[in-house]
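Subject: Structure for you to look at

Hello,

Here is the structure I promised to pass on. Please open it alongside this email.

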Amino acid sequence: MRKQTVFNQNWLFAARELNLDAPDNQFEPVNLPHSNQDFSHQNFDNQQYQFVSTYRKRFVVDQIDPETITFIDFEGVMLACKVYLNGLFLKEHKGGFTPFSVDLTKALKVGENLLTVVVDSQERKDIPPYGHVVDYLTFGGIYRDVFLWIVPALHIKDVFVKTANVLDDPQLTCDVTLSQNVGAVNLQAFVTDSKGNQVAKSQTPITGNFGKLKFEDLKEIELWSLERPALYTVTVSLLEGEQTIDAVSERFGFREAEFRADGGFYLNGEKIKLFGLNRHQTYPYIGAAAPKRLQQLDADILKNELACNVVRTSHYPQSPHFLDRCDEIGLLVFEEISGWQHIGDQDWQQISIDELETMIVRDRNHPSIILWGVRVNESGDNDTFYRKTNNLAHRLDPTRQTGGVRDFLGSSFLEDVYTYNDFSYDLREPTNNPHLITEFAGHMFPTKPWDNEDRLIEHALRHTHKHNLQMADERVAGAIGWCAFDYATHMEFGSGDRVCYHGVMDIFRLPKWAGYFYQSQQPASMRLVLKAATHWTMGDRSEGGSSPLTVFSNCDEVEVIIGEFNLGRFLPNKEQYPALTHPPFTIEIPQKYTAWGGAAFHDLLLVGYVDEKPVAKQRISANRLPAKLDFHTDTDHLIANGADMTRLIFRITDPYGNLVPYSNSVVSFEIEGPADLIGTNPFPLMSGQAAIFIKAREEEGVVQIRAHCEGLPAESLELQIIPAQT
Ligand code: GAL
């Protein structure tokens, strides 16, 4: 039977290339995921991560069974690396977004072993995405998880779970690939639901290295859907006589996902409009080296906070933790290969093809994934290359369609879905069916959280407008906006501070007003949203005033009260946005209440009504001076594994909890207990809010964090660090 160990702890790191026999004192201790460099959240250069570094790990092996093989799996090392064990070179890997395995067996010994990984994080033109300019950063280091596993020489290499006909007569098969040819062994498998109840089993003899398990006795199954993403697990065992040699478990779901010729996307036979955002894996301070909890949080934010039903993993395969979470919460995924507008030479293309293969083999059991992106984002036509990628994707996964993102219409259409970046203000006429908009907005209207009211509203309304148009157009399967979160970039892009302010949330994942639009599209029964897109001032807009007042809400009606004056109840703006489930409210405020030089200024009170009942309130103070330093984490505990992290979000608010947007106060933090603060401390705010991270050490205990901001009461909170499961 296989044994797998998480291999993330007790690494040593040196920010330069060192000889294999360099003494340990030239290294510093680190845990994975690890970034080769700490960053600010803006104003840093990609040169900072562009160097060769050396990672090493010493580990002890008590005994070696000659019948077994020992592998080490790297989920992601940016951008290329060479792996050595006990001085012996074992493997070179090029490409930072997909996993690879290294067979350690021939160099492994009883006693202490020394594993060395020399990591090249330079933007090498021979490796995707590089060769030309790229509008995102790749960062550096061993930035995803590492596992050590020991298996018998004969073991299960891959299990591809295939479902078919799920709506009428569900079929389930598993394609099982073994590590080597066998004379005669048996495969046995059983399927359990999320509660652990067995729902089906199967058995088949196997010769050669490939077997197909068919499950005849499938009991009533529950479909994987956006509302109820039911997951099942299949456990496949390899038996020699009575003895189990190896076993592997894979999670999957029963669902039918299809883009059809009528232009629509159908999930389980039901047409749904795709409504989503692009996601980069860029984080403040830590580059791309985000642990499981932060990866999961992004999926949660996209689905539960921003009400998206789809995400595009722009522009590369993303973390398994992110994809697992998409499966668990019912968030559809369009996953694509890495790159940006540029196609390199034959060797470069081969790396890209290998990446595509690894991505599909790694991810084809995720029910959330509905489309493979088999073109380099926004590259030109190259039929020879893209015939290969399309054929490969269809061969490796006949159950899914392909797309390939262009920024021009009418190109060679080798894929199944025409995936198109439509940066026009309105909608371009589709030239092929099915047609999915994979980007819009973005650089056409960069918006910083501290921009003035006019710009923040226009940013939000551009997203509103585009979604309204796509929702109304039957020829369009959906639209995925650019983008979820602001991200760090190269000097050729961004706002000069090396940040693209294209997110509907900032880089800390805190919403701009465009984020309120997305939030407001969820049913009121899930979460009530009532968010006024206003700083509520007399003088932040040109010519002054706060009219019209835009409110993003999923309530039926919104009542507006200014001081003691009740302006009445208002309906959503169906005229301008007829296709949206929850159009924003556009409310004319009579001049006398807010115009420059008008009457005395008063608090704004909004009351949201659903089914005639008042269900939500927002009060914004006329006195917009800071009243409180509000701060919280995303969780009340972290795991003592030396890598787990949570955000610590801090905001300067008015007396009613609304952000004071232009607060540039300095907030400082102190921490006590087994955790560290990661990020700028003290933090000079730019838009009244930001976040740093708290990172657990390897001891359990209680962590106390105190925050100070001049002129406001000091605040504190506690966090538990709980034992890591072994
Ligand atoms: C697109 C590109 C994205 C991003 C975006 C900004 O052309 O695919 O990666 O750069 O522009 O709007």
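Below are my notes on the ligand site, then on the domains.

One caution before the details: this is a predicted model.

**Ligand site**

Several side chains place a polar atom by a ligand oxygen. For aspartate 135 the distance is 2.4 Å. For histidine 315, a polar side-chain atom sits 2.5 Å from an oxygen atom of the ligand. Glutamate 439 also has a polar side-chain atom there, 2.8 Å from a ligand oxygen. How much of the ligand does the protein cover? On its own, the ligand has 310 Å² of accessible area, and the protein covers 96% of that.

**Domains**

- domain 1: 3-152
- domain 2: 156-252
- domain 3: 273-520
- domain 4: 530-614
- domain 5: 628-722

**Domain 3 against domain 4**

I looked at this pair in detail. Their C-alpha centres are 33 Å apart. On the domain 3 side, 19 residues are in contact with 22 residues of domain 4. Interface size is often given as the accessible area lost when the parts come together. Here the two domains bury about 1,600 Å² between them. Carbon and sulfur atoms account for 61% of it. Within domain 3, Glu453, Asn468 and Ser520 lose the most area to domain 4. Together they make up 36% of what that side buries.

Which polar links cross this interface? Six residue pairs are in polar contact. The salt bridge count between the two domains is two. Glutamate 453 also forms a salt bridge with arginine 541, side chain to side chain, at 2.7 Å from N to O.

Best wishes

Key. Residues are numbered from 1 along each chain as its sequence is written. This is a predicted model: local features need pLDDT of at least 70, side-chain atom pairs count only at pLDDT 80 or more; totals for chains, interfaces and linings use all residues. Side-chain values use heavy atoms; hydrogens and water are left out. A polar contact is a pair of N or O atoms within 3.5 Å; within protein, one must be able to donate a hydrogen and the other to accept it, and residues adjacent in sequence count only if both atoms are side-chain atoms. Accessible areas come from the Shrake-Rupley method with a 1.4 Å probe; for residues, only the protein chains shown count as cover. Domain bounds come from an automatic or database domain assignment. Contact means heavy atoms within 4.5 Å. Buried area is the accessible area (1.4 Å probe) that two parts lose on being put together, summed over both. A salt bridge is a side-chain nitrogen of Lys or Arg within 4 Å of a carboxyl oxygen of Asp or Glu.
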